[in-house]
Amino acid sequence: MGVEEQRAGKFYVERDVLDELCLDQVARRRTPSTTPPLKDRVKDSLRCSMPKLKRSVLSTLPVLSWLPRYSVRDNGLGDLISGISVGIMHLPQGMAYALLASVPPVFGLYTSFYPVLVYCILGTSRHISIGTFAVISIMIGSVTERLAPDSDFTFLNGTNGTGVLDVTARDAYRVQIAASTTVLSGLFQVLLGMVRFGFVVTYLSEPLVRGYTTGAATHVVISQLKYIFGIHPARFSGPLSQVYILIDICRHLPETNIGTLVVSLVALVVLIVVKELNSCYEKKLPLPIPIELIVIVAATLISYYGNLNSQYDVAVVGEIPRGLKSPSLPDVSLWGTVVGDAFAVAIVGYAINISLGKTFGLKHGYKVDSNQELVALGLSNTVGGFFQCYSVTSSMSRSLIQESTGGRTQVAGVVSSVIVLITVLQLGSLFGELPKAVLSCIVFVNLKGMFKQYLDIPALWKSNTVDLLVWLVTLVCTILLNLDLGLAASIAFSLLTVIFRTQLPRYSILGQVPGTELYLDTDTYEEAKEIPGITIFRSSTTVYYTNAELYLDALQKKSGVDVGKLLTRKKKRDAKQKRKDKKEEKKAKKENGVNGHLPNGTVHPEDKVDVEKGSPDLKENRTDIALTDRPTNGQVNWAYEQQWTGLDLGSETGSHGDDAITQTSSTVGEETRGRSSDTHTIILDLSTASFVDTVTVIMLNNIFRDYREIDIDIYLAGCQVCVVEQLSRASFFSESIPKSRLFTTVHDAVLHSLQVQGASDVPIYECGLDMACTTKM
């Protein structure tokens, strides 16, 4: 079907020009409903009923809405297979990510157990897998290493004078720090969820989140290099710490442990090859090959029977205690130190969780409640913190496995928790000889998705350079300023880009497309032609206090009407005319006193007639003034006079100034003039405005006042209802600015202006090829 074939059908429009008052009558504007008093609203919120109680319980405990209707026949097998697959992934990732958090690996297994159960009860997403995640783990690790560095737990050996590190005391304190930070971040999330503050994540744009996670992945890589090479670099904190750590790692490379490096390279090769095979044969394999678990088991056996720790000094996980830890209270005294880090962890964790949850929700057609997700994640962290867990969020890799293997509900999460529980109770102690380098390799391989985000750079370069700038600034700030300061700086920069975009909008002069009621940017569309005498001005964004002055400047520049200069010129001309009138008056009195009076003060009759008629000189003077001022409807159109910018209108020393004005004025219409030379109307298209503030109202009042002084009519067009209501509340409309100055569309305002200026005919035109539109004034 061609383009011409698609233009079928006709429509005809014939209506009166509608200003705001006429629109209210034609469309029958509803009377705004009065909001109930606060006291009544509080009473209503506290009033209890069975339906309201049921809704509250189901919204607080979503598990009660789906578990009673759970179908074992439809969902049981898929959730079982999915849960086993995800549980197998939890084991290596839990232990590996525990190294990122700088706590013993068994605490990563605890983190994969308790929070998952809490989320199954409170969460609204059916497919995401809660547990350890690289970005959150490294954020917790930066806190634990900062507050519990190795130097605080190193003491001198009395025998040989060497330094000895008390690993047990260090790890115990780091676990305490991680748990306290986790509880505090969970409380932040719960409080934000209770006050319905789930929208806070909207301030974290997608480029910001992706740039931040990519920068965090860089932190992860740098933190794991010491395990890959088997070296012991110094620890640094604060801005540029990652640069100093990388330099120190390079300095320690000659001390690389060959045995550790060989283990790392073999593990990396095996993991990368098998994961690529999983990707290539994803559709043919019923389940992905659990290569991470296989590598862990194989590396543990090789390390145990090859005595890698004792013979080659390969660092291993060490003893993993059996059983679960009893709950304990967090160290509240640490909260003042970690409050900033806890808040950053809460926001980043929630941003990752809700973005992933909403992705699956849209894909499978169910709603994910952002506020309930905030509460669910917060309670998962709070409860987990009492059991020495560290902060959790959803994992992309595990969530994809949970969905692709048939998981349909959070029963899969319960099954995965059972797998982790069995491992902790019975199998955990068997992994004591597992090399730490293998866990670091697992971390490296799982960062593939994050490093693929570097492909965002060319994509954003083509689509949106501002988003690219946000992405790059976030990446650089995260790497150089560390995770907490980097997040704050990135959010601040992202918000600044929004402010700058509103401060630097696109200002346009609109013209009418011939034969239509459409008004488009004359710089963009060749067929859009300006209407003689009418300037239509539009901004691409809302006008408010940050860009109100810029809007006013752009209006004067685009319209070519410099109000300040014209008002100054008018004042000078008025002053000059006043002085001239006084001078002529004094001259007339002097002449009358000499020639027209008798000694007794009477006037000759013939002189009296001459005075009443006026002297020829005065009469000629008045004629020159009338030609110069060019009255328009009894007033002077001062914008009209702006054409003569080369003349010194306010100067009294010019020898031919007045004559030049008079002579040039007689040729009006015969010469090519600029836009402002015959402008009698300016229409402000406010269709892009979503609100107006006090500064905007004052600016609009000043526009009406100033342009009225130079005899240019101002009209508003296209205001949304909320904008009109705000203008009314701000007492914008008055006798000098009635609502009849506000029109429904730009075309209504144009037709009204033409009618006021004495248009001789009514525009009747055809729209397109097959559409006719008739507008009646």
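Guide: Begin with the whole chain. Of the contacts in the protein with a separation of 6 or more, 80% join residues 24 or more positions apart. Keep in mind that this is a predicted model. The protein has 31 helices and 14 strands. It has 777 residues, and buried residues make up 45% of them. The protein exposes about 40,400 Å². Carbon and sulfur atoms supply 60% of that area.

Now go to helix α19. It covers residues 411–427, which is 17 residues. How far apart should its ends be? At 1.5 Å a residue, the helix should span 24 Å.

Next, look at which residues of α19 are hidden. Ala412, Gly413, Val415, Ser416 and Ser417 are buried.

The largest nonpolar core has 87 residues. Met139 and Leu439 have the most contacts inside it. Helix α16 (residues 335–364) gives the most to this core, with 10 residues. Take Met139 and leave aside its neighbours within four places in sequence. Met139 is then in contact with Tyr212, Ala344, Val345, Val348 and Leu483. A second, separate core has 35 residues. Among them are Ala548, Tyr707, Ile712 and Phe733.

A nonpolar patch of about 570 Å² is made by Met50, Leu53, Val57, Leu58, Leu61, Leu64 and Ile121. Helix α4 (residues 50–60) gives the most to the patch, with four residues. Leu53 lies in helix α4. Is Leu53 buried or partly exposed? Its relative accessible area is 39%. Buried means under 20% and exposed means over 50%. Leu53 therefore counts as partly exposed.

Finish with a loop. Glu517 sits between β5 (507–512) and β6 (519–521). Its relative accessibility is 33%, so Glu517 also counts as partly exposed. Glu517 and Val746 are 229 residues apart along the chain. Their C-alpha atoms are separated by 8.6 Å.

Key: Residues are numbered from 1 along each chain as its sequence is written. This is a predicted model: local features need pLDDT of at least 70, side-chain atom pairs count only at pLDDT 80 or more; totals for chains, interfaces and linings use all residues. Side-chain values use heavy atoms; hydrogens and water are left out. Helices (H or I, at least four residues) and strands (E, at least two) are DSSP runs, numbered from the N terminus. The expected span of a helix is 1.5 Å times one less than its number of residues. Buried means under 20% relative accessible area, exposed over 50%, partly exposed in between (1.4 Å probe, protein chains only). A nonpolar core is a set of buried Ala, Val, Leu, Ile, Met, Phe, Trp, Tyr and Cys residues joined through side-chain atoms within 4.5 Å. Contact means heavy atoms within 4.5 Å. Patches are made of residues with over 30% relative accessible area and no salt bridge: like charges are joined within 9 Å, nonpolar side chains (Val, Leu, Ile, Met, Phe, Trp, Tyr) within 5 Å. Accessible areas come from the Shrake-Rupley method with a 1.4 Å probe; for residues, only the protein chains shown count as cover. A salt bridge is a side-chain nitrogen of Lys or Arg within 4 Å of a carboxyl oxygen of Asp or Glu.
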